[in-house]
Amino acid sequence: MANGSRQAAWEFFGAELKRRREDAGLSQSALGLRVFVSGGYIGQFEQAIRKPQLDVAQRIDEVLQTDGFFERMCRKLIDDKRYADYFAAVVELEALATRICEFAPTLVPGLLQTAAYARAVTLAANPFVTDAYVEEIVTARLERAGVLKDATRPEYWVVLHENVLYIPVGGSAAMAEQLDHVAALMRERQVLVMLLPYGAGAHATMGGMLTLMGFEDAPPTAYTETSFSGTLVDEPAVVMRAQRAYDLLRGAALSPEASLAMVESAAEDYRRCTSTT
């Protein structure tokens with residue numbers, strides 16, 4: 001994981017630990033005594049100076065009755081190899097977010113991808129890997145989408161650039177299936193998708209994809225990604241600039257109704273291509 005992304009995730013871990021410890025009415029020393037470390041160590045965890053070991057995270061969960069939260073986050077940050085190192089922290093934060101806003105300039109976002117689409121994306125970047133590796137990555141991506149099915153799912157906004165509709169990832173059949181899936185989620189009001197048309201010209205996030213995540217009891221974060229690295233930040237001034245850029249994107253995008261019509265039309269075009277081949 002890029003150092004900045006991992007550090008931001010551990011800072012989130014520390015902020016959550018401090019909040020939940022205080023909610024339980026425990027001092028750092030009192031919690032440390034119960035989990036067999038010093039109060040100073042707890043303070044270092046909360047300041048993201050020291051990264052707690054898995055067994056300590058498990059004991060913290062037991063004492064604070066946090067239903068495995070700290071263990072899961074620890075495992076994701078340390079052990080989960082199904083995601084790029086720089087992205088593992090984002091996966092954990094998605095499950096905690098109350099609101100997720102994404103801008104996708106070229107690809108359908110991972111939370112909306114079908115298996116065929118995800119498989120094609122994975123193979124394009126990893127042409128020499130085994131089928132087992134590909135399926136592991138695809139399964140992990142589909143598991144991420146579970147956050148949208150949960151009763152406490154986050155409010156999920158997506159701005160798709162029109163590029164996304166016309167880059168035939170996986171071929172016509174895969175694209176028809178993928179766009180049908182997006183359209184179904186839009187009609188079911190599980191996501192709010194808006195298209196940024198070619199006609200919008202220059203826009204506020206020409207540099208690439210952007211994800212904003214908001215939380216009930218923690219500062220918002222912003223995540224940006226290139227082909228080979230990602231950056232997760234929670235510095236308020238930077239997140240505010242990212243939110244302003246996203247607001248400008250939404251202002252330039254088509255309405256949800258017009259966007260749904262375009263997604264459905266593109267899916268139908270791909271189906272026609274499939275039937276004539």
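Q: What do the buried residues of α12 pack against?
A: In this predicted model, where local features need pLDDT of at least 70, side-chain atom pairs count only at pLDDT 80 or more, and totals for chains, interfaces and linings use all residues, the buried residues of α12 pack against α9 (163–166), α10 (172–187) and β3 (192–196), contact being heavy atoms within 4.5 Å. Residues are numbered from 1 along each chain as its sequence is written, and side-chain values use heavy atoms, with hydrogens and water left out.

Q: Why are the buried residues of α12 said to line one face of the helix?
A: Ser259, Leu260, Val263, Ala266, Ala267 and Tyr270 are the buried residues of α12, where buried means under 20% relative accessible area, exposed over 50% and partly exposed in between (1.4 Å probe, protein chains only). Viewed down the axis of α12, they fall within an arc of 130 degrees, so they line one face of the helix, the arc being that of the directions from the helix axis to the C-beta atoms. On the other side of α12, Glu257 and Ser275 are exposed.

Q: What makes α2 roughly perpendicular to α3?
A: The axes of α2 (residues 28–35) and α3 (residues 39–46) come within 7 Å and cross at roughly 105 degrees. Angles of 65 to 115 degrees count as roughly perpendicular, under 35 as roughly parallel, over 145 as roughly antiparallel and the rest as oblique, and therefore α2 is roughly perpendicular to α3.

Key:
Axes fitted to C-alpha atoms, helices over the stretch in contact; angles between N-to-C directions. Helix = DSSP H or I, 4+ residues; strand = E, 2+ residues; numbered from the N terminus.
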